[in-house]
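Take a look at the sequence and the structure below. The report that follows walks through the main features, one topic at a time.

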Amino acid sequence: MRLYRLLLRFYPASFRHEYGEEMVRLFEERRRHASAVERVQLWIEAIGDAASAAPRVHVDILRQDLRYTVRALTRTPGFAVAAIIVMALGIGATTAVFSIADRVLLRPLPYSDPERLVRVWENAPGYPQMEPSPANYRDWTQMTGSFEQLEAHTVYAVNMLHSQPERVAGIALTWQLLPMLGVQPALGRLFTADEGRLGGPDAVILSDRLWRRSFNADPSVIGQSVRLDDTACTIVGVMPPDFYFPDRETDLWAPLTMGPGWFVDRDNAALRVVGRLKPGVTLDGARAEMNSVMAALEKAYPKENAQTRATVRLLGDQVSWQSRLLIRILTGASICLLLIACTNLASLLLTRFAARRRELTVRAALGAGRERLTRQLLTESLTLSVAGGAAGVVFAFFATPLLARLVPTTLPVPDATALDLRVLLFAAAVTIATGVAFGVLPAWRISRAAQSVSLREHARGDVGGRERLRSALVAAQITASILLLISAGLLMRALGNVQSIDPGFDARGVLTLRTALPTDRYSTTAARGQFYERVLHEIRALPGVKAAAYASFTPMIMRGGIWAVEMPGLTPNDSDPHSVSLRFLTSGYFDALGIPLKRGRDLSDSDTFDSPFVAVVSESFAKRYWPKGDAIGQRFTVSFFERTIVGIAGDVHVRGLESLSEPQVYVPYRQIRDGWMPFYTPKDLLIRTTGDPLALAPSVRRIVRNVDPELPVSDVQTMEDVVTRETAPRRTQTAVLGLFAVMAILLAGIGLHGLLSFGVSQRRQEIGVRLALGAPRSSVLRMVLREGAVLAAIGGIAGLCLSYAAGRTFESLLAGVRPADPVTYSIAIAVALLMTLSGSLIPALRALRVDPVKALRAE
Amino acid sequence: MTFHILLALSDGERHGYAIIQDVAARTDGAVKISAGTLYRSVQRMQEQGLIEESRRRPAPDEDDERRRYYALTEFGTAVARAEARRLTQLVKLARASGFATGKA
């Protein structure tokens with residue numbers, strides 16, 4: 001019989017309570033009349049019965065509860081809509097932020113066994129992640145045993161001549177790199193060993209994006225030839241749309257073949273290296289081996305590998321700390337918002353259940369057990385959270401693209417993050433968890449109260465406890481909203497700080513674009529000089545153009561281009577590695593970018609290979625090496641020649657607004673031997689105009705086409721856009737955080753208002769008695785306001801403390817704003833006061849309007 | 001199922017086991033109700049107001065403290081009648097069309 005009772009456990013408690021004894025009795029009776037064989041049969045029947053009938057009974061109850069819930073909710077549509085909106089905001093915000101955080105921080109890279117893929121760098125003084133030279137890379141492949149494969153790639157930006165000239169960002173990679181990632185092409189094949197050999201056939205693989213954009217997604221391109229920088233290459237494959245390597249800007253892959261010339265200079269930082277660890281080899285093991293290999297290479301080549309070791313990091317571990325922190329803060333903020341939403345729902349449910357106490361008490365008295373009541377109330381909270389969750393997913397669907405800017409471009413993942421199954425599962429889990437967690441508490445309390453309290457009209461059994469719970473919930477909401485408010489405020493102030501950083505140039509009215517000169521036709525300075533002069537001459541003649549120049553790179557677009565200088569009598573060390581941001585220029589660069597020339601002169605067109613070698617340096621360079629004397633006229637060596645300083649320019653944030661930049665050195669483009677330093681060949685055109693810079697673009701394109709019809713014009717943009725992009729992730733984050741903070745403070749205000757209103761309606765009689773006994777109305781007002789003020793003070797102080805702690809954790813993002821910034825705190829406190837006051841006002845006024853006679857008559 | 005239980009209660013109140021036995025007897029053993037199914041139906045029918053727990057008890061010697069007796073409510077009787085009428089109507093139609101034997 002005990003066994004049969006165990007079987008009954010599958011039925012809902014209320015059902016078991018009602019009919020359990022009957023069923024036991026029935027089973028006993030049958031068993032008594034049964035033979036041994038029939039008894040076995042009886043047991044089988046009983047088990048089958050429990051398996052089929054018990055779930056149905058559960059469903060019956062659920063259906064009944066749902067019907068009841070829908071009826072109850074449609075009776076109070078205002079409540080239902082409010083609750084659903086609150087949950088939709090919370091779940092939607094969390095889901096949208098999760099979909100970004102998942103992409104950037106959690107999800108493994110879309111390659112096979114990504115946890116064994118690593119990046120290997122040289123770790124040189126001041127540069128922990130230096131691209132290795134081909135010679136060092138070759139030695140690594142021969143001297144290490146930690147890696148299954150060690151592959152390399154380098155930038156391969158080319159002019160593609162297909163239907164029209166086009167600049168394409170590509171990557172040249174060792175032919176076994178793509179197989180190492182474990183990827184397959186969508187069309188055609190990957191590279192062969194023959195194509196990876198020096199002097200082998202020229203092959204190229206296209207990205208899906210390039211294939212669609214420039215080849216009309218034509219499958220017959222496989223085997224066709226395309227001209228890249230004057231070389232005919234055969235298209236052998238097209239990659240699938242979701243394949244990115246090494247970043248999402250790359251549109252083309254070609255085999256990397258290194259001739260003997262590549263291995264001459266061990267300072268030639270040219271390669272990026274990716275490897276696959278052998279199974280069982282740890283990251284630390286690989287690091288130890290790489291460091292000992294580099295130590296050996298330092299012994300063999302003491303000059304080039306001086307103090308150089310290696311850095312080994314997981315390929316997936318390449319998101320900058322800033323991106324990480326931005327997204328972590330957002331995640332924290334969205335969780336805060338979700339908690340506020342949940343406490344709000346819990347609070348709403350408590351009020352609602354309290355208002356229905358009589359109805360629930362009646363049901364309890366009619367024999368509905370506690371389990372049955374809890375079940376009913378939980379069904380209500382889950383219904384609300386599921387409806388809210390569904391609305392939240394819709395909300396997230398539209399909100400996620402707005403967050404796409406937070407996905408760093410360096411990640412090999414798409415920026416347009418779709419809501420996929422993973423994210424939907426997350427949203428579902430959050431929905432269920434919140435519905436249960438924040439429904440159980442009120443449901444449990446109320447059902448207990450309903451059971452213990454009799455039908456007596458004014459039994460207040462549990463009211464005190466419930467009010468305390470609600471008060472705690474409201475205080476928690478205030479805490480979380482202040483936390484959000486201050487965090488958003490601090491980051492807003494930091495954004496202001498960053499935006500007010502002077503980039504070192506005047507971005508207004510400047511157009512920048514790229515005309516990359518193919519190395520074959522423009523191999524000599526003379527050939528390039530002709531091109532520059534013709535183009536610049538015509539551009540300078542355009543109406544509105546004030547200055548124009550060619551330079552190696554544009555600041556903030558190209559952050560690298562770092563070269564070592566040799567200073568007479570000084571050796572490089574950790575604190576000063578003697579590295580500078582080196583640029584080759586035509587004349588007019590400083591005018592075009594509006595960089596102030598502090599002293600001396602601009603580089604001029606008469607600075608040729610035959611005239612004295614000169615350089616313009618930045619103020620920080622001059623100050624570093626000639627802190628007291630005058631730098632003009634001093635000499636130092638850069639890019640193979642000793643040069644005399646003829647001018648000093650203002651410092652420029654080459655690496656971006658928030659990064660430290662190397663001092664800058666500018667040299668005339670003619671003062672280099674033909675074929676040397678081709679990477680630094682001027683290709684970026686900068687034009688300052690009085691009008692709209694982009695309106696100039698068509699004329700510039702026409703001029704370039706007239707001079708060289710095969711040359712693509714690419715990367716056309718204004719410098720203002722370039723500078724604005726610097727703060728794009730910050731602006732997105734701050735905007736989202738600000739929005740969260742506003743929602744949080746509104747929700748907290750609503751929560752406070754709800755609590756106080758409820759309190760006033762519950763205490764109408766008490767207030768009535770007080771007034772009847774002659775208490776002044778101001779004392780009633782004070783009573784209500786005091787309750788609000790106490791909650792605001794408790795929640796507010798906790799919020800201020802938490803905010804300071806949070807601010808400390810992201811101090812590095814604050815761009816000089818202190819975590820205890822008085823301005824932010826004062827504003828936050830003022831907003832919190834305003835919120836408290838407006839939340840308390842209506843209930844307070846309602847308390848004032850209580851008519852003692854009416855209130856007492858209701859007794 | 002509901003109709004079977006209504007029929008079983010037509011000549012007076014019964015307890016659960018009796019309902020099962022009565023239904024089996026009426027249908028010559030063709031319809032066997034399991035305990036779980038029976039009480040699920042009972043619960044639903046109680047909620048719908050078709051049957052109620054009887055307050056009257058049979059003679060003391062037959063009574064068992066643990067047993068619960070169920071009886072038709074007025075509504076239950078009305079529903080049983082309506083259902084019987086509906087079925088009769090259907091059978092008439094079936095006969096008229098020649099699908100069933102008997103008087104048309």
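Helices and strands are DSSP runs, numbered from the N terminus: a helix has at least four residues and a strand at least two. The model is predicted.

## Chain A as a whole

Chain A has 24 helices and 24 strands. Its radius of gyration is 36 Å. The globule rule gives 29 Å for 859 residues, so chain A is more spread out than a compact globule. Along its principal axes, the C-alpha trace of chain A spans about 110 × 85 × 55 Å.

How much of chain A is buried? Of its 859 residues, 42% count as buried. Now take the contacts in chain A with a separation of 6 or more. Residues 24 or more positions apart account for 83% of them.

## The nonpolar core

The largest nonpolar core holds 95 residues. Which of them touch the most other members? They are A:Met87, A:Leu337, A:Ala341, A:Leu345, A:Leu484, A:Phe740 and A:Ala744.

Leaving aside neighbours within four places in sequence, A:Ala744 is in contact with A:Cys336, A:Leu337 and A:Ile340, among others. Its contacts also include A:Ala480, A:Ser481 and A:Leu484.

## A 40-residue helix

Helix H3 of chain A covers residues 36–75, which makes 40 residues. From its first C-alpha to its last, H3(A) reaches 57 Å. That is close to the 58 Å expected at 1.5 Å a residue.

The buried residues of H3(A) are A:Ala46, A:Ala50, A:Ala53, A:Ala54 and A:Val57. An α-helix has 3.6 residues a turn, so residues three or four places apart point the same way. What do the buried residues of H3(A) pack against? They pack against helix H1 (2–8) and helix H2 (13–32) of chain A, together with H3 of chain B.

## Where the chains meet

13 residues of chain B are in contact with 18 residues of chain A. Two elements of chain B give two or more residues to the side that touches chain A: helix H2 (16–26) and helix H3 (35–48). H3(B) gives the most, with seven residues. By class, this side of chain B has three nonpolar, five polar and five charged residues.

## A sheet in chain B

Chain B has an open sheet of three strands, in the order S1-S3-S2. The pairing is antiparallel. The edge strands are S1 (14–15) and S2 (51–53), and each pairs on one side only.

Two bridges join S1(B) to strand S3 (residues 69–72) of chain B. Here B:His15 stands opposite B:Tyr69 in S3(B).

Most residues other than glycine have a negative phi, and most peptide bonds are trans.

A cis peptide bond joins A:Phe245 and A:Pro246, with omega about -10 degrees. A:Pro246 lies in the loop between strand S10 (231–238) and strand S11 (252–255) of chain A.

Phi of A:Ala217 is near 55 degrees, a positive value. A:Ala217 lies in the loop between helix H8 (208–215) and strand S9 (225–228) of chain A. Is A:Ala217 buried or exposed? A:Ala217 has 12 other C-beta atoms within 10 Å, so it is exposed. In chain B, phi of B:Asp28 is also positive, near 55 degrees. B:Asp28 is found in the loop between H2 and H3 of chain B. B:Asp28 counts as exposed because it has 7 C-beta neighbours inside 10 Å.

Conventions: Residues are numbered from 1 along each chain as its sequence is written. Chains are lettered from A and ligands numbered from 1 in the order in which they are written. This is a predicted model: local features need pLDDT of at least 70, side-chain atom pairs count only at pLDDT 80 or more; totals for chains, interfaces and linings use all residues. Two residues are in contact if their C-beta atoms, placed from the backbone, lie within 7 Å. Ala, Val, Leu, Ile, Met, Phe, Trp, Tyr, Cys and Pro count as nonpolar, Asp, Glu, Lys and Arg as charged, and the others, Gly among them, as polar. A residue is buried if 20 or more other C-beta atoms lie within 10 Å of its own, exposed if 12 or fewer, and partly exposed in between; C-beta atoms are placed from the backbone. A nonpolar core is a set of buried Ala, Val, Leu, Ile, Met, Phe, Trp, Tyr and Cys residues joined through C-beta atoms within 7 Å. The radius of gyration is taken over C-alpha atoms; the globule rule is 2.2 Å times the number of residues to the power 0.38. The expected span of a helix is 1.5 Å times one less than its number of residues. Two strands pair if DSSP finds at least two bridges between them.
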